[in-house]
Amino acid sequence: MYDYLIIGSGLFGCVFAHEMKKAGKSCLVIEKRDHVGGNVYCEEKDGIHIHKYGAHIFHTSNTAIWNYVNQFVEFNHYVNSPVANYKGELYNLPFNMNTFSQMWGVVTPAEAAAKIAKQRTAIQGEPKNLEEQAISLIGTDIYTKLIKGYTEKQWGRSCTDLPAFIIRRLPVRYTFDNNYFNDRYQGIPMGGYTVLIEALLEGIEVRTGVDYNKHREEFNDIADTIIYTGPIDAYFQYRLGQLEYRGLRFETERLEEENYQGVAVMNYTDRETPYTRSIEHKHFEFGTQPVTYVTKEYPTDWKPGEEAYYPVNDDRNQTLYRQYAALAKQERQVVFGGRLAEYKYYDMDDVIASALTAVKQYQ
Ligand code: FDA
């Protein structure tokens, strides 16, 4: 008999298991995939860590969480500075003085601000959709070249059919600063996320390749408390219906060259290129290997049974989630946590913070 059965070995499950073990409790972690780590898992090839489930950059302004992860692994000094590629024209992101100078040849912040102010007037009154909202915030040129195609590929819908609230604010800087995140700390774990995950799971019994929802009878009496980090609708056998996600498909290639695109993250912002991003993994770790791995990221319409990436923030799904959450509250000795069980987009620092809160609550 264990104190805790932890279902899922993503960051939520690993942090919970680590802290409980430290407190002297016994834990068993079961994981449906054939590897631990959830979506932060990296596969190593030719000395390069490939972010198998999408690019993961650790960033936080929470000093306690930064210190927490640094106990287990050292972080490098990677700063995310993606580049947008619009039909071969390159622009720095996020929108800053470099972008404005590349777009219009302006030199001073005042010139850039005047250009944007003039273009914003193309929309009068309350924006009726995402297109109008974006233009009212940043003007027509940046919307057309850097937002429209990318957003339409991401959502699989035209910007005129998407609600305005999706873009409430757009990060705009009138400085020459290409650092994507505003957070105080950022970096990539040296040796990849696997080092972090292995350190968290040290000394904890883990069984991979086991889907809890298919083998419940084996596990139901094995622990006092269950920590469930899988999809909440799957736990309840989809009895109220299925929650929807946006999907992603990754195509990874090994290339016989040292440096393919000169940056870790390149966004393809035109509508015609079918992928949204091209990730050259070695640049996350300043790799100097003679070969490289590049992953193209294709947004897809998600189908049940596929990997779930982004929850859909619409009324149907949020209402359905709340109904499942009400059922979850009635489950005795089961804690639901993490991005799938809470049907929520969580950054890594937030999911760690949430697991630490759960530890305090259920210890
Ligand atoms: P996670 O999904 O990692 O783990 C859940 C685990 O449970 C999985 O391993 C799953 O296989 C397992 N499981 C599910 N059902 C099970 C069952 N029935 N039985 C057994 N096991 C089961 N954040 C950030 O801070 N910076 C970034 O750059 C990014 N980038 C990024 C890119 C993309 C494409 C996405 C989708 C997300 C990000 N994130 C991110 C967010 C980050 O991925 C997220 O915060 C963590 O992975 C969440 O960890 P969890 O443990 O909640 O879930």
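Start with the whole chain of this predicted model. The C-alpha centres of domain 1 and domain 2 lie 37 Å apart. To see them, colour by domain. For domain 1, select 2–43, 52–77, 184–243 and 312–362. For domain 2, select 94–166.

**Stop one: the ligand**

How many residues surround the ligand? There are 32. Now pick out the closest ones: Gly8, Gly10, Gly38, Gly54 and Gly230.

Next, colour the shell by residue class.

Which elements each supply at least two residues of the shell? Select helix 1 (11–22), then strand 2 (27–31), then helix 11 (348–362). Go back to helix 1. The largest share of the shell, three residues, comes from this helix.

**Stop two: a pair of helices**

Move on to helix 5, residues 130–138, and helix 6, residues 140–155. Two packed helices are described by the angle and the distance between their axes. Here the axes come within 9 Å. They cross at roughly 140 degrees. Is the crossing left-handed or right-handed? Helix 5 passes helix 6 in a right-handed crossing.

Show the side chains that make the contact. On helix 5, select Leu130, Ala134, Ile135 and Ile138. On helix 6, select Thr140, Ile142, Tyr143, Ile147 and Thr151. Seven residues of the contact are nonpolar and two are polar. No charged residue takes part in the contact of helix 5 with helix 6.

Methods
Residues numbered from 1 in each chain as written. Predicted model: local features only at pLDDT ≥ 70, side-chain atom pairs only at ≥ 80, totals over all residues. Near = placed C-beta within 6 Å. Helix = DSSP H or I, 4+ residues; strand = E, 2+ residues; numbered from the N terminus. Axes fitted to C-alpha atoms, helices over the stretch in contact; angles between N-to-C directions. Left-handed = near helix turned anticlockwise from the far one by under 90°. Contact = placed C-beta atoms within 7 Å. Nonpolar A, V, L, I, M, F, W, Y, C, P; charged D, E, K, R; others polar. Domains from an automatic or database assignment.
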